[in-house]
Amino acid sequence: MKPEFAEISEPSQSDSDLATKPSAAPGAMLDEDPFGLFIRFLKKRGWILVVAAALGYLVAVVANHFLPKRYTAQANIEIQAEDATSQFRLEQVQDLGASADTSERLDTEIEILHSRNLALETIQALHLETDPDFLPLQNGRPWDLTRPDYRLMFIDVFQGDIAISRLGHTSILRILVTSRRPELSSLIANTLIDRYIEHSFRENYAATAKVSGWLDSKLSTLKENLEKSQQRIIELQRGIGIYGTDQSHSIIAANLEELNKQYADAQVDRMLKESRLQEIQSSPPDVIDAAVGTVDPSLQASKQRLLQLESDYNSLVQTYGSAYPRVKTLKAQIDQLQKLLSGQERAQIMRIQKELDASRSDEAKLRDALDKQEQEAFGMSQKAMQYELAHRDYEANRLLYDGLQQRLQEAGIISSLHSTAIHVVDSADTPVFPSYPRTNFNKAVGIGGGLFFGICLALLLEMMDINLKTMTDIEQGLQLPLIAAIPEVDSDHLQPGKFREFAVSRGISSWSKMAEALRGMRTSILLSSSGSPPKVVMLASTRPGEGKSSVASLTAITFALNGSKVLLVDADLRRPAIHLRFRIGKGLGLSSVLSGKAPFQEAVVVWPDLPNLHILPSGPIPPLPSELLGSKEMENLLAQVRKEYDFIIIDTPPVLAVTDASVLGRLTDGVILILRYGTARKQVVLRCIDLLERSGTHLLGVAVNAVDYTAPEYSEYYGRKYYEYYGERKPDE
């Protein structure tokens with residue numbers, strides 16, 4: 001043995017470490033924390049996430065560029081508790097806004113702003129049917145809003161571009177209008193507010209005008225009665241020769257005066273109540289409470305509920321039609337609620353009617369009392385009494401006329417004032433920047449969506465990847481120890497001569513990953529069984545191209561470098577490769593010895609670079625390789641070489657391709673299955689193991705060839721700096 005081999009004759013510490021890894025790794029894999037698995041997953045599939053996130057961001061940028069820009073204008077209005085005309089109204093007609101609950105009142109105003117009539121008025125006022133920025137024109141022509149379908153479409157688009165909400169707990173409503181042109185957004189917002197104020201004024205004006213008209217008709221009748229009373233007094237004064245105005249000289253006259261006054265008051269009360277009843281009957285149902293002067297909470301709640309049901313019904317019937325079950329249910333609820341409201345409103349009207357009847361009854365009683373008093377007064381001069389009665393009638397008519405005339409003047413003032421409870425806090429200004437698309441939000445969504453798609457794709461690829469790569473895959477999936485992880489190196493390093501040179505060199509090659517991995521494999525084989533180590537070791541693979549012949553050659557060299565006498569047998573009698581790697585002839589070989597054409601000593605070749613490494617090439621390719629490898633001669637040959645050599649390394653054909661390895665495996669002390677990193681499938685390897693075990697082969701474990709040590713599957717086991725450990729060693733190290 002050469003002196004240069006003395007340094008590597010003892011197993012290195014790395015050998016011991018690698019030898020113990022097969023037994024320790026399974027427990028370590030079972031105890032690996034989920035965070036570590038997640039980090040390894042990110043290292044392995046992280047590029048997918050990065051690419052997906054980048055694509056999502058790119059899609060968002062492109063979308064932001066091509067999506068049409070939309071601008072949002074904002075205006076604020078305040079809904080006050082009462083308007084400037086409240087102080088001129090009839091005492092019985094109270095302001096609805098002052099009595100209703102603030103929250104309910106504001107919700108009602110929001111619904112009014114969202115109403116279809118107000119939307120249509122705004123559309124027509126701005127001629128939006130001719131504006132392509134609001135809605136593209138139809139074949140270059142304006143839309144015909146006289147058609148119900150077009151009108152409904154315009155109203156839906158208009159309402160969809162408007163958002164109205166209440167600011168906190170204030171009485172201020174915020175109106176947001178979005179369109180394709182900034183000037184159009186502010187114009188729609190301001191016009192909508194103007195239409196809303198005009199709508200509020202029209203409602204107040206119409207109610208007051210009705211009251212004024214009724215009072216005016218009654219006042220004309222009273223004026224005629226007053227003129228007749230005045231003419232009768234003049235005639236009576238002429239008849240009895242009275243030219244003064246003071247005729248109250250008796251108790252009867254005083255009583256008559258008092259009854260006349262009470263009767264006049266009763267008439268005023270009765271006519272005012274008739275006015276109230278007339279106003280209620282002529283007012284729309286939603287202002288009956290205001291005319292009555294009291295607010296019924298249940299009635300208000302029913303009205304709010306009816307408004308909500310009608311809004312839901314209109315929304316659903318446009319989407320699903322009138323036959324939709326939910327639409328029918330809402331229709332039934334609306335009908336029932338309308339009946340309830342009608343009953344409540346009729347009850348209120350009946351109450352007012354009863355009050356009017358009571359007032360009429362009081363008036364009739366006073367009239368009867370006045371008649372009785374007049375009969376008593378007839379005891380006096382008939383003409384004097386007639387004059388007194390005429391004077392009293394005149395005074396009653398004058399008082400009634402003056403009172404109603406005052407009310408009529410107040411109603412005229414109210415109808416002439418253009419004032420509402422709506423105050424514009426902030427008019428809509430032309431927006432400067434577009435509100436849509438939201439570029440930053442779209443970018444965030446794009447990145448998030450890309451990451452989500454990337455994670456799904458990475459998980460899908462991970463689940464579809466059934467190749468055996470990691471120590472966990474091999475040891476838990478195959479229930480076999482991992483003998484070695486042989487790194488992927490340049491093809492030059494696989495040449496036996498260069499490998500032998502690198503393995504004993506004190507330069508970079510003495511610390512090469514390949515040499516250290518094979519030393520670890522050698523140590524694992526030596527420690528794989530109790531007692532004496534296995535002498536005859538066969539290397540097998542599942543299929544061609546997994547590097548079995550290269551591993552067998554370099555393993556034999558590694559054993560020989562340790563000072564052992566090693567025989568490398570090329571038992572691949574179909575496609576032999578050992579002779580090509582060592583550049584020796586195959587004229588004589590294993591097939592020659594087994595067929596009896598040459599003795600073993602003549603077929604064995606001593607490798608000049610390492611004299612204690614002998615090579616038995618395959619020899620000529622026989623017609624029936626399996627018969628030769630399973631023959632008695634092969635068994636005798638192995639018995640012979642066991643005595644002459646310390647270790648015998650056998651290279652065989654792939655297990656699944658032919659039966660040679662299964663036949664020969666039972667004659668060896670152990671078999672190592674060589675798998676190529678990233679290509680071995682679990683089902684294929686399990687089938688191969690099953691074939692070997694059925695033939696009586698003793699499997700020592702699995703060696704993974706062409707491993708990328710920088711891959712996450714192995715960097716986590718060997719350390720991130722493991723592959724950097726085998727660098728150029730300085731002289732002082």
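What follows is a short exchange about a predicted model of one chain.

Colleague: What makes up the chain, in helices and strands?

Modeller: The chain has 25 helices and 12 strands. Buried residues account for 45% of its 733 residues. Take the contacts between residues at least 6 apart in sequence: 81% of them join residues at least 24 apart.

Colleague: How do you know that the span of helix α10 agrees with its number of residues?

Modeller: Helix α10 covers residues 297-320, which is 24 residues. The expected span is 1.5 Å times one less than the number of residues. That gives 34 Å, and the end C-alpha atoms are 34 Å apart, so the two agree.

Colleague: Which residues of α10 are buried, and what follows the helix?

Modeller: L299, Q300, S302, K303, L306, L309, Y313 and L316 are buried. After α10 comes G321, with a positive phi near 90°.

Colleague: Why is D161 called buried?

Modeller: The cut-off for buried is under 20% relative accessible area. D161 has 16%, so D161 counts as buried. D161 sits in the loop between α6 (148-160) and β2 (162-166). Setting aside residues up to four places away in sequence, D161 touches R70, F134, L176, V177 and T178.

Colleague: Why is R583 called exposed?

Modeller: Exposed needs over 50%. R583 has a relative accessible area of 72%, and therefore qualifies. R583 lies in the loop between α18 (578-582) and α19 (590-594). Its phi is positive, near 55°, in a residue other than glycine.

Colleague: What is the phi of A706, and is A706 buried or exposed?

Modeller: Phi of A706 is near 60°, a positive value in a residue other than glycine. A706 belongs to strand β12 (residues 699-707). Its relative accessibility is 10%, so A706 counts as buried.

Colleague: How many disulfides does the structure have?

Modeller: A search of the whole structure finds 0. The test asks for a pair of cysteine sulfur atoms within 2.5 Å.

Colleague: What makes a set of residues a nonpolar core, and which residues have the most contacts inside the largest one?

Modeller: The members must be buried, of the nonpolar kinds or Tyr or Cys, and joined through side-chain atoms within 4.5 Å. The largest such core has 47 residues. L590, F600, L616, M634, L637, I650 and L664 have the most contacts inside it.

Colleague: What does M634 contact?

Modeller: Leaving aside neighbours within four places in sequence, M634 is in contact with L590, L594, L628, L629, L664 and L667. Contact here means heavy atoms within 4.5 Å.

Notes: Residues numbered from 1 in each chain as written. Predicted model: local features only at pLDDT ≥ 70, side-chain atom pairs only at ≥ 80, totals over all residues. Heavy atoms only, no water. Helix = DSSP H or I, 4+ residues; strand = E, 2+ residues; numbered from the N terminus. Buried < 20%, exposed > 50% of the residue type's maximum accessible area, 1.4 Å probe, protein only.
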